[in-house]
Amino acid sequence: MTSRNFSIETIGIVGTGAMGRGIAQIAALAGLTVRLYDTNPAAIGAARDYLAETFAKLTAKGKLDQARSLAALANVSGAQVIGDLADCDMVVEAIVEKLDVKQALFRELETVVSGRCVLASNTSSLSITAIAAGCTNPSRVAGYHFFNPVPLMKVVEVIDGLRSDPAVGDALMELARRMGHTPVRAKDMPGFIVNHAGRGMNTEGLRVAGEGVASFADIDRIMREQAGFRLGPFELLDLTALDVSHPVMESIYHQFYEEPRFTPSPITGTRLAGGLIGRKTGEGFYRYEDGKQQVAAEAPAPTQLPHSVWVSKRYPQAHEAVVQLIAKAGVKLDEGAAPTADSLIVVTPFGHDATTAAVDEALDATRVVAIDALFPLAAAQRHTLMTTPATSRAARETAHALFAADGVPVTVIRDSTGFVAQRVVATIVNIGCDIAQKQIATPDDIDLAVTLGLGYPRGPLALGDALGAKTILTILRNIFSVLGDPRYRPSPWLARRAQLGLSLTQRDAADTQTETQQ
């Protein structure tokens, strides 16, 4: 088959739940003829009624004109039996995530539709190659993974199975654009792009919480206000719900044969068993009243400033940033080669914990407090401090007062390799780099999929470039040196580009030259 043979004008949608309805909505608005089929006949009528109500609401809000609303609804009809899909140019399934059920459906569809009809799966976690394995013609099967809610989440993953004709994927890419969505292309690997890349935020946030480093709320505050993400990991898990998120975490972990980077946490398994699922049940990592998240207010910052402060020069740029904050607070700077006996000691580790920093620099651990300087301190919306197990209460409180003196809120956490933001961000970047290394998708599509699909401020590769690939590499290597956990081993994509001074979004020069010649 070649791409010029495809003219997709009539789409069959099997499954009329939230995903099926969402796909039907954008397809109908794009002028496509839509046939809805469900094994429950009543669900078909309910789906069409839902679309009628949705189009009416959009019209009332001025987002859709009356003529287009009526035309879109007229494009949608029900298929009473699966044979009514016979004239479809494409059929997309949005049914239960069970491999045997999807395989059986596709085998049945092959007996109904024409030989040129494209068969697409909206699966979020199953192998497209496996789904197609039972088909007589697996070359016409591809993945078409939309995100919920489909009309608002403007990205769709087009997945090529091992036997998929590339022309099928080309046609699905073009169809996505026609429906107002941004397509990204991926190889058939567990999690594709978005669910694969999303392991960094959630699994590392859970790991930090599991080590007792900080509370769920404090981890979320740090990731929102220091790192600049729209939601922290536990807010995100409450939004997606653990009955969805936990099985996906387990599935991807096992599909990658227990890859340490994707290790799930017993925290989610226990909370799922206890019914603490998330927003939709009124309680998850947070309680919800009338849909509003309930979070205890932070305690006011201490006010007693330190007499003087000595700042480590291990990382010169971080040293200068901390010195500027101290000057702004009007506190005396101890500029000696070693701290005097009454000075607060501030260290700025990247990847190491405060204990390792204190020991490496032969400092008095009772007076050591670490500050995370990964993101610019002068523009920070939140500062994160970290104590050693030996840090005195006086040192902790005067450090808190010092770095809260400019009105920026401060979170004080227990000792952790890489604070919170460093660990989570470095993991996000590292997994993104590994997706590129495995050639699951292009660097551009990785970043595009993640920004649109997960709402991150930048894609993982662009984020690594913004913070510095060498800095991310240092963080990962230092965490690994302390913990010895292969979870933190740097991706070759990251390590090589960091050492050569290349952008993480840059593909191998030889590959780029070959593409240009072609």
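**Sheets and rings in a predicted model**

Reader: Which order do the six strands of the open sheet take?

Author: The order is β12-β11-β13-β14-β15-β16, and the pairing is mixed. Strands here are DSSP runs of E with at least two residues, helices are H or I runs of at least four, and both are numbered from the N terminus. Two strands pair if DSSP finds at least two bridges between them.

Reader: Which strands stand at the edges?

Author: β12 (332-334) and β16 (410-413); each has a single partner strand, so one side of each is left without a neighbour in the sheet. From one strand to the next, the twist averages 35°. Axes are lines fitted to C-alpha atoms, for helices over the stretch in contact, with angles from 0 to 180 degrees between N-to-C directions.

Reader: Quick check, what kind of model is it?

Author: It's predicted, so local features need pLDDT of at least 70 and side-chain atom pairs count only at pLDDT 80 or more, while totals for chains, interfaces and linings use all residues. Residues are numbered from 1 along each chain as its sequence is written, and side-chain values use heavy atoms, leaving out hydrogens and water.

Reader: OK, back to the sheet. How many bridges link β11 and β13?

Author: Three, with β11 (residues 308-311) and β13 (residues 344-347) pairing in the parallel sense. Val311 has Val346 in β13 as its bridge partner. Helix α13 (residues 316-329) packs on this sheet, touching strands including β11 and β12, and its direction makes about 170° with that of β11. Contact means heavy atoms within 4.5 Å.

Reader: Switching to aromatics. How many pairs are there in the whole structure?

Author: Seven aromatic pairs turn up. Rings of Phe, Tyr and Trp (its six-membered ring) pair if their centres lie within 6.5 Å; planes under 30 degrees apart are stacked, over 60 edge-to-face, the rest tilted. One of them is Phe229 with Tyr456, edge-to-face at 5.0 Å centre to centre and 75° between the planes.

Reader: What does the pair tie together?

Author: Phe229 is in the loop between α9 (216-226) and α10 (233-240) and Tyr456 in the loop between α17 and α18 (460-467), so the pair joins parts 227 residues apart in sequence.

Reader: Are Phe229 and Tyr456 buried or exposed?

Author: Both Phe229 and Tyr456 are buried; that means under 20% relative accessible area, with exposed over 50% and partly exposed in between (1.4 Å probe, protein chains only).

Reader: Which residues form an aromatic cluster?

Author: Phe216, Phe234 and Phe285 make up one.
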